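Reader: I am new to this structure. Could you show me how to read its strands and helices?

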Amino acid sequence: MLSSDTASGRIRRHRRTRLLLPILLALILLAALGAVGTALALVPDAVTGIGRTGSASPGTGSGSPGVSDGAVPAGTSVFDDVPAVTRLRPDLLQAVRDAARDAERDGTRFVVNSGWRSPALQERLFDDAVAEYGSRAEAARWVSTPATSLHVQGAAIDVGDWDAAAWLQEHGARYGLCQIYDNEAWHFELRPNSPQDGCPRKYWDPTDDPRMQR
């Protein structure tokens, strides 16, 4: 039989353990969530879709592509002075800004999920997609290589959220802005003849696009 002092000590230790366990579990959960959040920030917007704002983490670590490479801070608009916006081709940028002004009158705000990207950022996004989907062929359905990417050329913009994409799908042709891929409702490029001729037939995904076969 335990003495009363020994029993009391064990009870106190048991109570301390019961108090500490929830705290330790909470700390472990917070650390895990932080790691998940960091990983999600590096997943391409084309993979995750429109629901998330910001295409890529601004990146502050050594070797991590940042805003100067085209990473987009959350909530970036088409009027903001960041490279992802300002390094778009001038005619595309003008068309997007004209459309955005008219969309705002309808209560719809354009958020830039991605615009211009450096080759380094594009390579990072493609590598992440390969890791996510298990092969280069499957990753190519969502993310182009630096050699073929229209984002690297400043010739494409990904908009969010769903309301903005839907607005452009309905009205974009009058500004020369067309959805290019069936599987990317957020990806728009300039087609100057679309105000007169309408937008061309969409490709099923980038692997169906002859420009991506180089």
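Author: Start with one pair of residues, and keep in mind that this is a predicted model. D158 stands opposite H187 in β4.

Reader: Which strand does D158 lie in?

Author: D158 is part of strand β2. Strand β2, residues 156-160, pairs with β4 in the antiparallel sense over three bridges.

Reader: Is D158 buried or exposed?

Author: The cut-off for buried is under 20% relative accessible area. D158 has 1% relative accessibility, so D158 counts as buried. Its side chain also makes a polar contact of 3.4 Å with the side chain of H151.

Reader: How many residues of β4 are buried?

Author: In a regular strand, side chains alternate between the two faces of the sheet. In β4, residues 184-190, seven of the seven residues are buried.

Reader: Now the helix. Which residues of α7 are buried?

Author: In α7, residues 162-171, the buried ones are A164, A165, W167, L168 and H171. They lie on the same side of α7 because they cover an arc of only 160 degrees around the axis. The face turned away from that side carries D163 and E170, which are exposed.

Reader: What covers the buried residues of α7?

Author: The cover includes α4 (90-105), β2, β3 and β4.

Reader: Which residue caps the N-terminal end of α7?

Author: D161 does, with a side-chain oxygen 3.1 Å from the backbone nitrogen of D163.

Key:
Residues are numbered from 1 along each chain as its sequence is written. This is a predicted model: local features need pLDDT of at least 70, side-chain atom pairs count only at pLDDT 80 or more; totals for chains, interfaces and linings use all residues. Side-chain values use heavy atoms; hydrogens and water are left out. Buried means under 20% relative accessible area, exposed over 50%, partly exposed in between (1.4 Å probe, protein chains only). Helices (H or I, at least four residues) and strands (E, at least two) are DSSP runs, numbered from the N terminus. Two strands pair if DSSP finds at least two bridges between them. A polar contact is a pair of N or O atoms within 3.5 Å; within protein, one must be able to donate a hydrogen and the other to accept it, and residues adjacent in sequence count only if both atoms are side-chain atoms. The arc is that of the directions from the helix axis to the C-beta atoms. Contact means heavy atoms within 4.5 Å.
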